[in-house]
Amino acid sequence: MNPAVKYTLGRLGLFVLLFVLLLPLPLNILIKAMIALVVSAVLSYFLLADWRNQMGEQLAGAASRRTAEKERLRAALAGDEEAAAAGDRAATPAASAAPAAPTVPAEEDRAAEPAANSVTAATDPVVSAEPAEDKK
C-alpha cells in the first residue's frame, strides 16, 4: 500500500478512535473534536513515525525524479541530442516492438463530428459561417 495512504489512514483512525472514546464525556462536541485532534496529532508523531518516514522518502524520490526530468527537458530544449533521446518514449524497445494499429472512428463518431462542428460554428464568432458586417 502507498505510504502516504497508510499514514493518512493511520492519522484518521487515531482521531476517530480518540473521538469515540471521548463521546461519553459531558463536553461540547466541538471540544471533544479539538481534544481528539490534538491528542491524535501527538500520538501519531510517536506511533506512526515509520509510516511518516516512508512517506517522506517516497515524496523525496518523486521530487528528485521530477527535478531530473525537468533538467533533461531543459537540456533537450537547449539542443542536447543525448538528453532528447534519453527521454524519447517512442524510441523505447517496448514501443518499437509492437507498433500500435491505427484507429478508425466508429460510424457513430463520424456522424457526430459534423454536429459538434456546427455547434461550434454557431456559437463561436471566429468560426461563424456568416460574413462579418462592416460598420461605418
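The accessible surface of this chain comes to about 11000 Å², and carbon and sulfur atoms account for 65% of that area. Of the 136 residues in the chain, 12% are buried.

Let me turn to the secondary structure. The chain contains six helices and zero strands. Read along the sequence, the pattern is therefore simple to write down: α-α-α-α-α-α. As for contacts between residues with a separation of 6 or more, 46% of them join residues 24 or more positions apart.

Helix 1 covers residues 3-22, and helix 2 covers residues 29-47. How do the axes of these two helices cross? They come within 8 Å of each other, at an angle of roughly 135°. Because an angle must be over 145 degrees to count as roughly antiparallel, and 65 to 115 counts as roughly perpendicular, helix 1 and helix 2 are oblique to each other. The crossing of the two is right-handed.

Which residues meet where helix 1 contacts helix 2? On the side of helix 1, they are Tyr7, Arg11, Leu14, Phe15, Leu18, Phe19 and Leu22. Helix 2 contributes Ile29, Lys32, Ala33, Ile35, Ala36, Leu37, Val39, Ser40, Ala41, Leu43, Ser44 and Leu47. Classified by type, the residues of this contact comprise 15 nonpolar, two polar and two charged.

To conclude, this predicted model presents a chain of six helices, in which helix 1 and helix 2 form a right-handed crossing.

How values were computed
Residues numbered from 1 in each chain as written. Predicted model: local features only at pLDDT ≥ 70, side-chain atom pairs only at ≥ 80, totals over all residues. Heavy atoms only, no water. Axes fitted to C-alpha atoms, helices over the stretch in contact; angles between N-to-C directions. Helix = DSSP H or I, 4+ residues; strand = E, 2+ residues; numbered from the N terminus. Parallel < 35°, antiparallel > 145°, perpendicular 65-115°, else oblique. Left-handed = near helix turned anticlockwise from the far one by under 90°. Contact = heavy atoms within 4.5 Å. Nonpolar A, V, L, I, M, F, W, Y, C, P; charged D, E, K, R; others polar. Buried < 20%, exposed > 50% of the residue type's maximum accessible area, 1.4 Å probe, protein only. Areas by Shrake-Rupley, 256 points an atom, 1.4 Å probe, with all protein chains shown as cover.
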